[in-house]
Amino acid sequence: MFRDKKPTGFGSYKRYIINTLKFYEMKNESITQLIFIIILFAGFSAVMFFSRMDNSPYLFMFFGVLCFVIIYFASTIYLEAYLCELRGKDYSFKSCFSSVISKFHKLVLSFISFSAILSIGTFLLIIPAFIFYFMFLFNTCYILDKNTGVMEAFNASRHLTTGRKMVIFSLFVVIDLILYFPMNIVPIITAILGNYLISIFVSIFGLSIVTIMQQRLIAMLYVDLEYNTSDIKNNGDENEFF
């Protein structure tokens, strides 16, 4: 299906989908488990805290930002670990933690810039926001993998995605459609049955998994496009897209 139309550097949809769904599979599986627990705990803590209406708005804001930073930091550690694994580098939770900490000022500035760009795109119209999102999707990967500056990372990501944004977008759509049913049907069923606490927990549980899956997919795409490794992983079948 769709032979001879695969953009340079891309692997097959099948490989991306299967490996994204197998988010737990790493040489150092304890990292995935630890990252998942951290994200799940932060997300659930935020919901439980916000359910207490007697808290001050400033405390709400502080705790919300704190939980968000924890989730962002943890998911970035996973991204760093999987980039190392794909590149054949040795890694541990400690080494990935130290790497992210050493680049944290760049990562924060990159995130703020990325958010501002997406906000501008959304203000203009929804379509520019999507274009900007996929154009600068790999800026964090460049900072982690090559320790580039923030502007250099954005420019490198823009260059890497030139002529490839639609294919990347279609891949994300396919994976989102696969995850849509299980991510929505279970919380809806539990809510209908009247157990809202379980419904909230299931929703956060699913979102924690999706957060890790997204980082895994971004890492795979980045390594394939930046280092042209997809042909080897696809057993030399350069023309098979699906």
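**Chat about the largest pocket and its surroundings**

Reader: Which helix supplies the largest share of the lining of the largest pocket?

Author: α10 does, with ten residues. Helices here are DSSP runs of H or I with at least four residues, numbered from the N terminus. A pocket is an open set of points on a 1 Å grid over the protein atoms alone, where a 1.4 Å probe fits and protein lies on both sides within 12 Å along at least five of seven lines; lining residues have an atom within 4 Å of a point.

Reader: What sort of model is it, before I go on?

Author: It's a predicted model, where local features need pLDDT of at least 70 and side-chain atom pairs count only at pLDDT 80 or more, while totals for chains, interfaces and linings use all residues. Numbering runs from 1 along each chain as its sequence is written, and side-chain values use heavy atoms, with hydrogens and water left out.

Reader: OK. How many residues line that pocket, and which lie nearest its centre?

Author: There are 39 of them, and Tyr 133, Thr 211, Gln 214, Gln 215 and Ile 218 lie nearest the centre. Helices giving at least two lining residues each include α3 (57-86), α9 (165-192) and α10 (196-227).

Reader: Switching to Thr 76. Buried or exposed?

Author: Buried, at a relative accessible area of 1% (buried is under 20%, with a 1.4 Å probe and protein chains only). Thr 76 sits in helix α3.

Reader: And what does Thr 76 touch?

Author: Leaving out residues up to four places away in sequence, Thr 76 touches Val 100, Leu 107, Thr 140, Leu 144 and Gln 215. Touching means heavy atoms within 4.5 Å.

Reader: What about Ile 35, where is that?

Author: Ile 35 is in helix α2, and it's buried at 0% relative accessibility.

Reader: Last topic: how many disulfides?

Author: Zero in this structure, with a disulfide taken as a pair of cysteine sulfur atoms within 2.5 Å. For Cys 84, the nearest cysteine sulfur belongs to Cys 96 and is 4.9 Å away, and Cys 84 is in no disulfide.

Reader: How accessible is Cys 84?

Author: Its relative accessible area is 11%, so Cys 84 is buried. Cys 67 also counts as buried, at 5%.

Note on methods:
Buried < 20%, exposed > 50% of the residue type's maximum accessible area, 1.4 Å probe, protein only.
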